Amino acid sequence: MAQPGQDAKFFQRGKIEELRSELQAAEAKDKKFVKRKTVLKRIVANITMGNDMSPLFNDVVQCLGTPLLEIKKMVYLYLISYGRSRPNQIHLVIPYFLQDVNDRNPLIRALAIRTMSYIPIPVVTEALTENLRHCLKDRDAYVRKTAAICVAKLYAADPRKAEKGGFVEMLRDLMLDSNATVVANAVAALSEIGDRQDGVIFKLNLATANKLLHALEESSEWGQIYILDSLLRYVPERHADAEQMSERIIVQLQHANSAVVLTTIKALLYLMNYMEDRKLIEACCRKMGPPLVTLLSSGPEVQYVALRNILLIIQRRPAVLKNDVRVFFCKYNDPIYVKLAKLEIMYRLARVENASEVLAELQEYATEVDIDFVRKAVRSIGRLAIKVEPAADKSIEALLSLLETKVSYVVQEAIIVIKDIFRRYPGKYEGVIPTLCGHLDLIDEPESKAAMVWILGQYANRIDNADELLDVMLDGFLNEAVEVQLALLTAAVKLFIYKSGSESAKELVHKVLKWATEDVDNPDLRDRGFMYWRMLAINPSVAGEIVLAEKPPITTDSDRMDRGALDQLLLHTGTIGSIYHKNPETFIRNAVGKALIDSPALNANSRATLVALPRPQLPDMPIVVAGPGPQEPSAQRPDPPPAASISKPLPQPEEGEEGEEGEGEEQENGAESDHDDVPDPSKAGDPYSSLSDAFRDYLTDRPQPITSTSRQRHEDDDLLF
């Protein structure tokens, strides 16, 4: 056996002719196959380096007749790399495949069947199909577990042949094998087939699931992952079944492998949806906490995976880590992506009991040097004030102290979150507005500008020089971002409504409305300008009631993920979908989605938010049923027009559609003409009547009521169930 490090000399670029001549020379005088082994190592090293060794195909294949296992391994590795690219020469290898499949050595049998499964060429697949059935029943467990994986590869190459040959049924039989590794590989193969859109449906019943759990203890780490993951394909029919299964797998939380731990947590979270015993659910939540905390002592990459999964878990089961917020305090040497993930979790875990501790930590982070981290910390302070009412006073004090630093990006983030705090606690913290107005020169980003403009417009009645401040911010109106332009337009209208007697306010609103309706291309901004102009021209009093209507206080409900989507994402715990916080079918082609399945044991709250998986789309083909069918009058269609008249317009269906629109237009025109003829008595004694000169060139019409369906809010504060 070669000593470690001695094979490094083979990793040098070799010439094709040189290697071919060495192989041919080795055939003559090489009784112990030393020279042939050396040349093959150089070829495999060149393949690893990315060099094309395919011209040596015929020469390398000749080495398969060598009875040495090490040489066969290297030749089969070469075939895995270049077999599919040489369909015209692959027939040379078939006799060797058939010979090795029947070899007395189980390692050679498994090696041959594995290599054949990697070459999806019809002639090889045909040879594989004949021998795979025998290998699945081989007396050696190593051959059986290799053959189980080969079934999945055969299914990927030719699903029809795999199903017709009965290989899927044979895999199901292997799940009851006496060898745990064979069971794990059979489960892995069935899972891969079941995850295909064109694959068979892989489900487990209670008896099979219990037998898989028997093999769990004897399996390797990756075998345990496959078995635990397959438990999501079992739908408990009784609460007791889910509870017993959770008690059997909960010991896997103590495993040293992080993937096993995350897969166990995924299985427990799934089973909790079918459990009834509240004490057992709370016990499971308590036991899930320490393993998750232990994952944070790993490297930064594993930490990040754990943190992204924790962020999902605590939204669904807050009790898991409710007392461990200190674990997520950032360290000085954490990478920025780990710090940002920890910040989000700190906010999620913040409660009245730990709010002061979290706030003190966030204040420390706001003085760091990393700009993105500081921005996130300042924003988290504002979100904390909105989420935990007793912490709002201290949060405002912290934000005011940050304003005194005069650091541009800190000031801008503070203004953004203070605007939200004003919305959350109306009439409580408006005393800080003069302080905010003193930092206008530091604002240069669209979001912070829009926030400051909103404050100026909303509280224009409390700011003496609001018109002057808005006039300054209007200097570059046409060059501002759309969100700033929209904010300036609304703020100008609010200023005019508050200070209708001010000439400067009148000039300012007229200037902004003229810009918005004549000089701007954005349709949203232009439409809002027309709407405001029309409201002010018709009835400024009503316009004031609309624009200055009482706004509902904002809450943290928008921070929560939809309950049904959250349950669906938790079925992908420990996968790349849990890192992106997206279902795999949204970014992986042909991936199959997962969702909770209804059963008598499913909790009522989980059933209320069930997400239905989209049905696979069938090809657009006409469905033809032989034989006469019933003639339904409503389904009968008129005969198609002659070919000569197809190019002519068909007025009848369009007249029906345009008739309804025409009636609506006539009604609007009629309403407009009525409005012009009948004087409006509401203008008598109207304090805004002097505004008519500003809108004398604008055609007004009577506003029509707009009906809208109110969105129902679903309150779900208790996330334990």
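Helix H17 (residues 300-316) packs against helix H18 (residues 336-349) with their axes 10 Å apart and at an angle of about 20 degrees. H17 is therefore roughly parallel to H18 (angles under 35 degrees count as such). The model is predicted: local features need pLDDT of at least 70 and side-chain atom pairs 80 or more, while totals for chains, interfaces and linings use all residues. Numbering starts from 1 along each chain as its sequence is written, and side-chain values use heavy atoms, without hydrogens and water.

**H17 and H18**
- The crossing of H17 past H18 is left-handed.
- Residues of H17 that meet H18 include Tyr304, Leu307, Ile310, Leu311 and Ile314.
- On the H18 side, the residues involved include Val338, Ala341, Ile345 and Leu349 (contact means heavy atoms within 4.5 Å).

**H15**
- Helix H15 covers residues 258-272 and spans 21 Å from first to last C-alpha, close to the 21 Å expected at 1.5 Å a residue.
- H15 is largely enclosed by the rest of the structure, because 13 of its 15 residues are buried (under 20% relative accessible area, 1.4 Å probe, protein chains only).
- At its start, a side-chain oxygen of Asn257 comes within 2.7 Å of the backbone nitrogen of Ala259.

**Arg20**
- Arg20 belongs to helix H1 (residues 16-28) and counts as buried at 18% relative accessibility.
- Beyond its neighbours within four places in sequence, Arg20 contacts Pro55, Leu56 and Asp59.
- Phe57 is 37 residues from Arg20 along the chain, with 9.9 Å between their C-alpha atoms.

How values were computed
Helices (H or I, at least four residues) and strands (E, at least two) are DSSP runs, numbered from the N terminus. The expected span of a helix is 1.5 Å times one less than its number of residues. Buried means under 20% relative accessible area, exposed over 50%, partly exposed in between (1.4 Å probe, protein chains only). A polar contact is a pair of N or O atoms within 3.5 Å; within protein, one must be able to donate a hydrogen and the other to accept it, and residues adjacent in sequence count only if both atoms are side-chain atoms. Axes are lines fitted to C-alpha atoms, for helices over the stretch in contact, and angles run from 0 to 180 degrees between N-to-C directions. Angles under 35 degrees count as roughly parallel, over 145 as roughly antiparallel, 65 to 115 as roughly perpendicular and the rest as oblique. A crossing is left-handed if the near helix is turned anticlockwise from the far one by less than a right angle, and right-handed if clockwise.
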